[in-house]
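This report takes up the arrangement of the domains, the contacts between them, the ligand surroundings and the salt bridges.

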Amino acid sequence: MSETVMNERKKRALSMIQPSGIPTLGNYLGALRNWVDLQDELDCFFAVADLHAITVRQEPAKLRQQIYQTFALLLAIGLDPEKSLVFVQSQVPAHTELAWLLACNTQFGELSRMTQFKDKSAKHADNINLGLFAYPTLMAADILLYQPEYVPVGADQKQHCELARDLATRFNNTYGNTFVMPDPYIMKTGARVRSLQEPTKKMSKSDENQNSFISMLDDKDTVIRKFKRAVTDSEACVRYAEGKDGINNLMEIYSAVTGKSLADIEQEFSGRGYGDFKLAVGESVAETLAPIQAKLTELMGDKAQLEAMMKESAGHAQYVAARTLSKARKRLGYLNL
Ligand code: TYM
C-alpha cells in the first residue's frame with residue numbers, strides 16, 4: 001500500500017468515528033456504509049478516533065472494549081483491509097503533534113463558534129476541558145495528515161470539515177503549500193438521522209435515552225420496539241411534510257435502507273396507519289443490521305487477530321502521516337534531525 005500511496009496516487013478519502021459508544025444507525029446511514037462504497041474508487045483511510053473520545057470522560061476498561069468493537073465493526077460492515085487502511089488514531093502519534101502545530105494557527109473565536117463545542121459544553125458543564133475546545137484542530141490534523149481530497153461524513157461534521165479547510169488554506173498561504181484541500185462529502189440520504197424521541201435533534205450514541213437511538217448491535221425485537229415507540233404526530237398519515245419531524249425521519253430511514261423514494265413510500269402506506277409503517281421500518285432496519293452483527297461477533301471472538309490488524313495498519317498510517325508531518329515541521333522552521 002505504502003508504495004502506491006506515495007507515487008502516482010488515486011484520489012484519497014479519509015474519515016473517522018469515535019469509539020464513545022456503540023455506533024448507531026445514524027453513524028451507519030450517515031457515514032459508515034458510504035465508506036464501504038468509496039473503497040473501490042478511492043484510496044481510503046478510515047480510523048477509530050479514540051483520542052477524540054476522551055474529550056468527554058470515559059471509563060478506561062469500557063473505552064478499551066469500545067476501541068476493539070468499533071474497529072471490528074468497521075471490518076464487519078465490509079471495509080476491506082486489502083483495499084482501505086483501517087486504523088486506530090491513538091496508534092499514530094503524528095495526530096497529536098500536528099494538532100499542536102495547527103492549534104497555534106487557530107483562533108479562539110473560530111473554535112468558540114463550533115456548534116458541537118457549544119452543545120457538548122452545555123451537556124457536560126462540569127467538564128468543559130481544553131481538549132473539548134481544541135477538538136476541531138485535532139480533527140483537522142487527522143484529515144490533513146493524509147492529504148485526502150474527500151472527507152465522507154454526516155451533515156453534523158460539516159462545520160468541523162470547513163474549519164479544516166480554513167486551517168489548511170491559512171497554513172498553505174502563510175508557510176507555503178503543504179496540505180491538500182479536503183472537501184466534505186455528504187450523502188443525500190441518511191446525512192442527518194434524527195433521534196426517535198426528539199426528532200429535531202440528531203440521533204446520537206451518547207444520548208442517555210436508549211429509546212432515542214438504534215444501536216448497530218440492537219437485536220430485531222429491540223429495533224422493532226424502539227421504532228414502535230418513536231415519537232410521531234396525530235395526523236396518522238404517512239407523508240413527508242414540514243412539521244412532521246418524526247414521520248419525516250422514519251421515512252428518510254426507510255428510504256435509506258430500502259432505496260425507495262419518499263413518493264413511493266407515501267404510496268406504499270397510503271390509507272395505512274403508523275403502526276404498519278413503523279413495523280416495516282423496524283423490520284427493514286433489523287434485516288440490514290443482522291449480517292453485520294453476525295460478522296462482528298465472529299471478529300470479536302479473536303482479539304489477538306484484531307490487534308495484529310491494528311498493529312499492521314498503524315505502521316502504514318504512521319508512514320503516510322510522517323511524510324506530511326515532517327513537511328509541516330520544516331515549513332514552520334523546525335529541524336527534522
Ligand atoms: P462521530 O463518531 O460522532 O460520527 C461518525 C460519523 O457518523 C456521522 N453521524 C451521523 N450521520 C447522520 N446522522 C446522524 N445522526 C449521525 N451521527 C453521526 C458523523 O457525521 C460522522 O461522519 N469528529 C468525528 C470523528 C472524526 C473525524 C475525523 C471525522 C475525528 N476525526 C476526521 C472525519 C475526519 C465524530 O465525532 O464523528
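## Model and domains

Into which domains is the protein divided? The protein is divided into domain 1, which covers 3-190 + 303-332, and domain 2, which covers 210-296, with bounds that come from an automatic or database domain assignment. Between the C-alpha centres of domain 1 and domain 2 there is a distance of 30 Å.

The model is predicted, with local features needing pLDDT of at least 70 and side-chain atom pairs counting only at pLDDT 80 or more, while totals for chains, interfaces and linings use all residues. Residues are numbered from 1 along each chain as its sequence is written, and side-chain values use heavy atoms, with hydrogens and water left out.

## Where the domains meet

In contact terms (heavy atoms within 4.5 Å), 14 residues of domain 1 meet 15 residues of domain 2. The area buried between domain 1 and domain 2 is about 1200 Å², with carbon and sulfur atoms giving 81% of it; buried area is the accessible area (1.4 Å probe) that two parts lose on being put together, summed over both. On the side of domain 1, Leu 25, Tyr 28 and Ala 76 lose the most area to domain 2, and together they account for 38% of what that side buries.

## Ligand surroundings

The ligand is surrounded by 27 residues, the closest being Gln 18, Tyr 135, Asp 142, Asp 156 and Val 193, where a residue is near if one of its heavy atoms lies within 4 Å. A polar side-chain atom of Asp 142 lies 2.6 Å from a nitrogen atom of the ligand, and a backbone N or O atom of Val 193 lies 2.7 Å from a ligand nitrogen atom.

## Salt bridges

The whole structure holds 17 salt bridges. One joins Asp 156 and Lys 202, with the closest N and O atoms 2.7 Å apart.

Terms used: Polar contact = N/O pair within 3.5 Å; in protein donor to acceptor, adjacent residues only side chain to side chain. Salt bridge = Lys/Arg side-chain N within 4 Å of Asp/Glu carboxyl O.
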